Amino acid sequence: METKKNTLDMLKAAASAAMSRRAEDSVILDLRELDGFTDFFAIFSGNSDIQVEGISQAVLEELETNWAQKPWHQEGTRRADWILLDYVDFVVHVFLSERRAYYNLERLWAEAERIELPELTMPAHLETLEAEEVDPDGALVFGDQEDSTSEI
């Protein structure tokens with residue numbers, strides 16, 4: 001079970017990175033009980049191809065830098081209306097909003113349990129900095145964190 005917890009922690013870190021780039025309608029679906037080809041789907045939306053690319057790049061950077069993970073397979077970077085990042089145990093989907101509505105993965109996997117994503121907050125060590133000293137796209141994390149050395 002430790003592996004699955006670690007996978008979920010990694011996925012939540014990816015979600016945090018996506019939402020730091022203003023991803024909308026962020027959802028994590030737990031597919032473990034459905035005998036799917038993967039354990040989780042993370043689904044995010046952007047309003048432009050540039051935002052979709054930025055969201056997927058933030059996820060790639062987070063998982064490679066902090067978790068030493070690269071996707072096993074990647075699709076959609078040329079058109080940037082649906083980028084898929086396959087990490088085997090989970091798949092990240094970043095859609096242009098219109099594409100997401102068309103494919104409606106949440107309906108296709110309606111039986112999957114949704115994992116709540118906590119509200120993003122600024123880490124305690126950054127709250128005291130002046131606003132111009134903080135990069136808002138790089139400083140968002142899940143939950144209340146007292147220090148930056150919490151469990152990973």
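Student: How many salt bridges does the count come to?
Tutor: The count comes to three salt bridges. Please keep in mind that this is a predicted model.

Student: Let us take Arg99. Which side chain does Arg99 meet in a salt bridge?
Tutor: Arg99 meets the side chain of Asp81, at 2.8 Å from N to O. This pair links distant parts of the chain, with Arg99 in helix 3 and Asp81 in the loop between strand 3 and strand 4, 18 residues apart.

Student: And is Asp81 buried or exposed?
Tutor: Asp81 is buried, with a relative accessible area of 12%.

Student: What about Asp30, which residue is its partner?
Tutor: Asp30 forms a salt bridge with Arg32, and their closest N and O atoms are 2.6 Å apart. Asp30 counts as buried at 9% relative accessibility, while Arg32 counts as partly exposed at 28%.

Student: Then Glu64: with which residue does it form a salt bridge?
Tutor: With Lys70, where the closest N and O atoms are 3.8 Å apart. Here Glu64 counts as partly exposed at 43% relative accessibility, and Lys70 counts as exposed at 60%.

Student: Back to helix 3 for a moment. Is Glu98 buried or exposed?
Tutor: Glu98, which is found in helix 3 (residues 97-103), is exposed, with a relative accessible area of 56%. Its C-alpha atom is separated by 9.0 Å from that of Ser45, a residue 53 positions away along the chain.

Student: Changing topic: how many helices and strands does the protein chain have?
Tutor: The secondary structure comes to five helices and eight strands. Along the sequence they follow the pattern α-β-β-α-β-β-β-α-α-β-β-α-β.

Student: What is the strand order in the open sheet?
Tutor: The open sheet has six strands in the order 3-4-5-2-1-6, with mixed pairing. Strand 3 (73-75) and strand 6 (113-115) stand at the edges; each has a single partner strand, so one side of each is left without a neighbour in the sheet. On average, neighbouring strands of this sheet are turned by 20 degrees against each other, direction ignored.

Student: How many bridges join strand 2 to strand 5?
Tutor: Seven bridges join strand 2 (residues 40-46) to strand 5 (residues 90-96), and the two strands run parallel. Within this pairing, Phe44 has Val94 of strand 5 as its bridge partner.

Student: Which strands does helix 2 lie across?
Tutor: Helix 2 (residues 49-67) lies across strand 2, strand 3, strand 4 (82-86) and strand 5, and runs at about 160 degrees to strand 5.

Student: Which residues does Phe90 touch, not counting residues up to four places away in sequence?
Tutor: Phe90 touches Thr7, Met10, Leu11, Thr38, Phe40, Leu63 and Leu85.

Student: I see Thr7 in that list. Where does Thr7 lie?
Tutor: Thr7 lies in helix 1. It counts as buried because its relative accessible area is 4%, and buried means under 20%. Leaving aside neighbours within four places in sequence, Thr7 is in contact with Phe40, Asp89 and Phe90.

Student: Finally, the chain as a whole: what share of its residues counts as buried?
Tutor: Of the 152 residues, 42% count as buried. The accessible surface comes to about 9,100 Å², and 47% of it belongs to carbon and sulfur atoms.

Student: And what share of the contacts with a separation of 6 or more comes from residues 24 or more positions apart?
Tutor: Such residues account for 60% of those contacts.

Notes: Residues are numbered from 1 along each chain as its sequence is written. This is a predicted model: local features need pLDDT of at least 70, side-chain atom pairs count only at pLDDT 80 or more; totals for chains, interfaces and linings use all residues. Side-chain values use heavy atoms; hydrogens and water are left out. Helices (H or I, at least four residues) and strands (E, at least two) are DSSP runs, numbered from the N terminus. Buried means under 20% relative accessible area, exposed over 50%, partly exposed in between (1.4 Å probe, protein chains only). Contact means heavy atoms within 4.5 Å. Accessible areas come from the Shrake-Rupley method with a 1.4 Å probe; for residues, only the protein chains shown count as cover. Two strands pair if DSSP finds at least two bridges between them. Axes are lines fitted to C-alpha atoms, for helices over the stretch in contact, and angles run from 0 to 180 degrees between N-to-C directions. A salt bridge is a side-chain nitrogen of Lys or Arg within 4 Å of a carboxyl oxygen of Asp or Glu.
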